[in-house]
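Please keep the sequence and the structure in view while reading.

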Amino acid sequence: MRAQKTIAALAVITMSMAGTAFAQTSNSQAPADSASTSAASSTSADTSADQQKSTQMLASNIIGMPVKNGTGGDAQDIGKITDLVLNREQKTVNVLVGVGGFLGIGTKEVGVPLNEVKFNPGTKTAVVTMSKEALEKAPAYVTLEEKQAKTKQAQQNAKMKQQQTQPPSSPLGAPATPAPGGATK
């Protein structure tokens, strides 16, 4: 599942960070036949994603990237990028940064809007304008899976509480009902 997210994030980062527009050139001469046109277009489509461009970054290089609050010697290490968030248009909108904790224990993920993150492929770091303290005080990012799990847990707790407050249908320790003729069941 994590690998699929990384691959999807790679595609989105590639599209959203490139910032280049693709233009289609027109040819004033009509093609000789439709077969040559479809062959040419399928070849160009097949090779359009065959290599990384200098304006593109791989999601696998971004996830795990250290995050700092500046570029100078006094820049603080804030955390590491743990994930990327895409919107419905498949554009990267947030970067999740793991902050706080020690050796990964007690770390929480905080969402940072992508437009507030600058990637430096040369130093393999991401730079944000926020302080370490501000990010540590920020609320933890809540995923849809976490929301659903919390809702399900709340429903289960409410159901258990309701069952505990209802009187039992037959009291425990009640004497057995006598059968006809005086014998007990």
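In this predicted model, strand β2, which covers residues 77-86, pairs with strand β3, residues 92-99, in the antiparallel sense, and seven bridges hold the pairing. Two of the positions along this pair can be named: K80 has G98 of β3 as its bridge partner, while D83 stands opposite L96 in β3. The two strands form a hairpin with five residues between them, and in this hairpin Q90 takes a positive phi near 60°.

Strand β3 is also joined to β4, again in an antiparallel run, by six bridges. On this side L96 stands opposite G111 in β4, and L96 is also the residue that D83 faces. Strand β3 is mostly covered, since seven of its eight residues are buried.

These strands belong to an open sheet of six, whose order is β4-β3-β2-β1-β6-β5 and whose pairing is mixed. Because β4 (108-113) and β5 (117-120) stand at the edges and have a single partner strand each, one side of each is left without a neighbour in the sheet. On average, and with direction ignored, neighbouring strands of this sheet are turned by 40° against each other. As a general point, the strands of a sheet pair through backbone hydrogen bonds, and they may do so in a parallel or an antiparallel way.

T125 is found in strand β6, which spans residues 125-128, whereas Q56 has its place in the loop between α2 (34-47) and α3 (59-62). The table sets out the relative accessible area of each residue.

| Residue | Relative accessible area | State |
|---|---|---|
| T125 | 11% | buried |
| Q56 | 13% | buried |

Since buried means under 20% relative accessible area, T125 with its 11% is counted as buried, and Q56 with its 13% is counted as buried as well.

What does the side chain of T125 make a polar contact with? The partner is the side chain of T123, at 2.8 Å. When neighbours within four places in sequence are left aside, T125 is in contact with M65, P66, K68, K118, F119 and N120. For Q56, a polar atom of the side chain lies 2.8 Å from the backbone nitrogen of K53.

Conventions: Residues numbered from 1 in each chain as written. Predicted model: local features only at pLDDT ≥ 70, side-chain atom pairs only at ≥ 80, totals over all residues. Heavy atoms only, no water. Pairing = 2+ DSSP bridges. Helix = DSSP H or I, 4+ residues; strand = E, 2+ residues; numbered from the N terminus. Axes fitted to C-alpha atoms, helices over the stretch in contact; angles between N-to-C directions. Buried < 20%, exposed > 50% of the residue type's maximum accessible area, 1.4 Å probe, protein only. Polar contact = N/O pair within 3.5 Å; in protein donor to acceptor, adjacent residues only side chain to side chain. Contact = heavy atoms within 4.5 Å.
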